[in-house]
Amino acid sequence: MIWVDTIIQGILLGGLYALFAAGLSLVFGIMRLVNLAHGDLIVLGAYLILLLVTLTGLSPFVAAAVAMPFMFALGFGLQKFMLNRVLGDDILPPLLVTFGLSVVLQNALLEGFSADSQRIQAGPLSTASIQVAGLNLGVMPLMTFGSALVVIIGLNQLFYRTSLGRAFRATSDDPTTASLMGIKPAGIFAKATGIAMIIVTIAALYLGMRSNFDPSIGPARLIYAFEAVIIGGLGSLWGTLAGGVIIGVAQTVGAAINPEWQILAGHLAFLIVLLVRPRGLFPRAVD
Amino acid sequence: MTNAKLDYSVQTRTRASSISAIVALLLVLVAVALPAFASRSLIQDMFFILTMLVLAQFWNLLAGYGGLVSVGQQAFVGIGAYAMFGVVILMGFDPVPSILIAGVAALLLAIPTAFFAFRLQGAYFAIGTWVIAEVVRLLVAQWKAVGGGTGTSLPRSATGDMWFTGAIETLFGVRNAAARDILAYWLAVLLAVATIAGIYWLLRTKRGLGLAAVRDNIEAAKSVGVDAVRMKWTVFLVSAFGTGLAGGLIYMQKARISPDAAFSLQDWTAYVIFIVVIGGIGTIEGPILGVLVFFILQSLLADFGSWYLMALGVIGITIMLFAPRGLWGLFSDRTGIELFPVRRRLTGGRLTGGHVTDTLPSSKEE
């Protein structure tokens with residue numbers, strides 16, 4: 001029974017990792033850009049929500065909704081004025097620019113909020129749990145997993161049911177031909193990064209409510225997100241959720257055996273998948 | 001000599017490179033003699049500059065010439081350093097020859113790393129190398145014999161009578177600790193000179209030409225028979241070996257190790273990336289210029305802590321956006337000067353008679 005519990009906790013934790021990864025997966029799928037500052041942007045989002053909660057006394061959920069337009073604008077501007085300039089065949093410039101951005105964000109947060117670890121207070125919700133078939137399930141992990149499902153269903157609807165989604169897919173397939181059809185790839189990329197930042201805000205909300213955070217934890221979140229994307233297969237959003245769940249289960253099982261092995265077990269699961277299925281479990285994109 | 005007019009030859013040497021070769025030789029002589037008149041803190045600063053230069057040259061070889069952007073070079077620094085500590089503490093080796101074992105350990109780690117990471121393309125390769133570095137760090141932290149997660153120090157018995165330190169003590173009349181710094185510094189000079197000479201040699205061989213071809217256009221390179229996969233493996237393994245040597249040397253000088261320090265992303269990869277980007281990626285001169293700029297910035301701004309790192313990040317981003325070939329690229333584009341030319345130019349025969357050489361298209365293009 002303890003093992004069933006461990007695995008269910010792992011699956012629910014996977015929801016959080018899928019939230020970290022969904023934005024990365026979206027941006028990569030459309031413009032083949034890997035944003036090395038993704039994890040630090042999640043941490044930035046968490047501080048923004050924390051700031052709003054502390055200053056105005058809003059509920060964290062309302063604060064996250066208030067933060068979303070700001071984060072969208074940040075992503076939009078970042079892509080339009082900085083990242084679009086370095087997109088191209090050469091992968092080096094976007095990597096190095098986002099790496100620089102990661103260092104700048106980490107240190108700006110350190111300067112602004114100090115190295116003390118913080119937490120977004122969610123009141124009684126953070127300890128609430130419900131009984132299902134003899135298992136105690138935390139409300140917060142369930143909500144995280146539910147949010148991950150909603151985000152992925154929402155993104156799939158956006159991709160396959162709306163004209164913006166059509167423009168996303170067209171630009172992803174061939175920016176040149178798409179631009180002949182009246183789509184401006186630069187604008188599409190900016191909107192995509194903006195939407196990715198909205199998902200980042202949701203991820204930041206749960207990151208901040210579920211655990212302590214400080215300015216230095218961004219890169220580790222980026223690694224989990226990256227592993228989830230690769231395990232799932234590039235370009236597949238449901239695959240990303242599966243990847244998040246695999247990392248989550250590996251981590252909780254590893255931690256159950258020896259607490260020092262939690263992170264290591266997640267990484268090893270990733271390496272095993274890479275060994276057996278180099279293109280991930282549900283590959284869609286060619287590259 | 002009268003016939004020489006008709007003999008064509010292909011050469012890479014330029015006037016600037018001939019002058020720079022002489023200057024470089026003089027600089028090396030001064031560098032070797034430096035401990036005779038320099039203070040101990042200058043020697044330590046020079047050690048830092050030289051070891052960072054070695055790391056930067058190898059990262060530049062990977063990313064600038066091989067197109068392999070690794071964010072996991074700290075794995076090779078760390079494993080090299082730990083291998084050195086391991087053989088010194090557990091097997092009683094002398095630290096100086098153990099530096100070679102550091103290089104070999106990094107080389108051995110590079111084989112499985114490449115096996116996994118080469119399955120990932122481009123940007124994903126970068127994060128893949130980083131994951132592997134994290135895995136190695138977490139595994140090494142479990143290695144209790146060398147201190148586990150908290151780390152350990154080199155035993156006094158090993159540092160006290162290290163090779164050559166006795167001779168240096170009598171030569172300069174200094175204490176053991178200062179003698180160890182001088183020894184580490186000399187080894188760093190040796191490693192830096194060997195690194196630059198070795199990379200320059202590699203780039204001027206047929207293999208180096210293939211490497212440049214793979215960097216510029218992988219499909220075109222393959223079509224003329226360059227084995228791109230073999231090139232990637234060669235560059236990756238050579239860089240790992242050199243980075244491991246540097247790791248062993250750095251931690252021989254520090255004499256104290258912990259997993260978090262030895263596998264630090266910031267110290268051994270982030271700084272190195274900024275050095276190469278600021279100086280100019282894809283050139284040998286770039287990292288040399290970059291490490292000097294980096295050291296000056298650090299000396300001026302180190303007291304400002306996180307502001308310093310922020311400034312470094314902003315400078316890196318600005319350079320990548322507006323001058324992607326770095327400071328050396330800016331300089332070289334305006335003056336045409338290359339200190340380590342690798343481009344082959346046709347000279348001799350009738351071409352030397354006039355100024356035709358200078359107008360050959362190949363001599364102005366990259």
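Two strands are taken as paired if DSSP finds at least two bridges between them; strands (E, at least two residues) and helices (H or I, at least four) are DSSP runs numbered from the N terminus. The model is predicted, with local features requiring pLDDT of at least 70, side-chain atom pairs counting only at pLDDT 80 or more, and totals for chains, interfaces and linings using all residues. Residues are numbered from 1 along each chain as its sequence is written, chains are lettered from A in the order in which they are written, and side-chain values use heavy atoms, without hydrogens and water.

In chain A, strand S1 (residues 129-132) and strand S2 (residues 135-138) pair in the antiparallel sense over four bridges. Val132(A) lies opposite Leu135(A) of S2(A). Two residues separate the strands of this hairpin, and Ala133(A) adopts a positive phi near 50 degrees.

Contact (heavy atoms within 4.5 Å) links 38 residues of chain B with 40 residues of chain A. The two chains bury about 3700 Å² between them, 84% of it on carbon and sulfur atoms; buried area is the accessible area (1.4 Å probe) lost by two parts on being put together, summed over both. In chain B, the residues losing the most area to chain A are Arg119(B), Tyr124(B) and Ile127(B), together 18% of what that side buries.

Across this interface, zero salt bridges are found, a salt bridge being a side-chain nitrogen of Lys or Arg within 4 Å of a carboxyl oxygen of Asp or Glu. Helices H2 (40-65), H4 (95-117), H5 (122-140), H13 (265-279) and H15 (306-322) of chain B each supply at least two residues of the side touching chain A. H5(B) provides the largest share, 13 residues.
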